[in-house]
Amino acid sequence: MTSMKVAIVQNHEEKSQVVAQKLREMLKKANIKIDDQRPELVISIGGDGTLLSAFHRFNHRLDEVSFLGVHTGHLGFYTDWRDFELEELVDSLSSNRGKSVSYPLLDVRITFLDGKPDKHFLALNESTIKRGNRTMVADILIKDELFERFRGDGLSVSTPTGSTAYNKSVGGAVIHPSINAFQLAEIASLNNRVFRTLGSPIVIAHTEWLEVKLQDSKDYLVTVDQLDIEQDNIASVYYRIADERIHFASYRHMHFWRRVKDAFISEG
Ligand code: NAP
Ligand code: MN
């Protein structure tokens, strides 16, 4: 008794292809429709990276879609289900058991010096700004007020669920995803008697916004999750918590800190 429409997104690994094929057959048997254009549920099969691509494929329909991740490798942060639990998964879809959870997303807006229209993105993990061979120099404004002048390799701005990804590698804090805020972390800041930044990551409220105003506009790379946006003539990049959220069909739920422990300290 279900009319739920499901899309499946898998990565290129053979194991994921096999699991995806098997799941398609099981959904068919359970009379659950596959619809890769207008799904209500998106099942990603692979790793966290696969779920990130699934998110970007359907990020124009976030109000109508929820996501569910099956992992074919190690346990992920966006992937609750194991590949050998498909039967239980299909059962839970048919009976509509469980409830959905939602997490904050990062709203990214790039403005240009030459009057080009702004570019607008949503990030599930993070957005970074980096510079190739020269020092990045940028003024950092919080709520339109100058906070500091940054010099260094770059900056990472992440969501709570992205806090365990790139953010963690650059010394950011791990943030529980029920906290509706975003985090700014430095990448190799230059600090000496002349140049000074705060030096520690900061967590910014959902009511606030951040502007990174580049002082020289050449040779910048802005990333949004897996997406690379190489740009000249960037004036500023603005960040805030998005109005949209990502919904997960969490037909069961895993303790966040247990997941952190499993991923980074020890399994079991
Ligand atoms: P990738 O190079 O395969 O990702 C690097 C690792 O980050 C993979 O092990 C991936 O898990 C894991 N990961 C992704 N999202 C995560 C999250 N929210 N929490 C904890 N770990 C997470 O590339 P990808 O799979 O396409 O993922 C893109 C992400 O990689 C970016 O958004 C960025 O956060 C991260 N990244 C990290 C670094 C770094 O730490 N130095 C550098 C570049 C990119 P799976 O194996 O399950 O996919
Ligand atoms: Mn990956």
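Reader: Which domains is the protein divided into?
Author: Domain 1 covers 5-99 + 250-264, and domain 2 covers 105-243. The bounds come from an automatic or database domain assignment. This is a predicted model, where local features need pLDDT of at least 70, side-chain atom pairs count only at pLDDT 80 or more, and totals for chains, interfaces and linings use all residues. Residues are numbered from 1 along each chain as its sequence is written, and side-chain values use heavy atoms, without hydrogens and water.

Reader: How far apart are the C-alpha centres of the two domains?
Author: They lie 30 Å apart. Domain 1 puts 14 residues into the contact and domain 2 puts in 16. Contact means heavy atoms within 4.5 Å.

Reader: What area is buried between them?
Author: About 1,200 Å², with 72% from carbon and sulfur atoms. Buried area is the accessible area (1.4 Å probe) that two parts lose on being put together, summed over both.

Reader: Which residues of domain 1 lose the most area to domain 2?
Author: Leu52, Tyr78 and Phe256. Together they give 40% of what that side buries.

Reader: New topic. How many salt bridges cross the interface?
Author: The rule finds 0. It looks for a side-chain nitrogen of Lys or Arg within 4 Å of a carboxyl oxygen of Asp or Glu.

Reader: And which helices supply at least two residues each on the domain 1 side?
Author: α2 (48-57) and α5 (256-264). Helices here are DSSP runs (H or I, at least four residues), numbered from the N terminus. The largest share, 6 residues, comes from α2.

Note on methods: Chains are lettered from A and ligands numbered from 1 in the order in which they are written.
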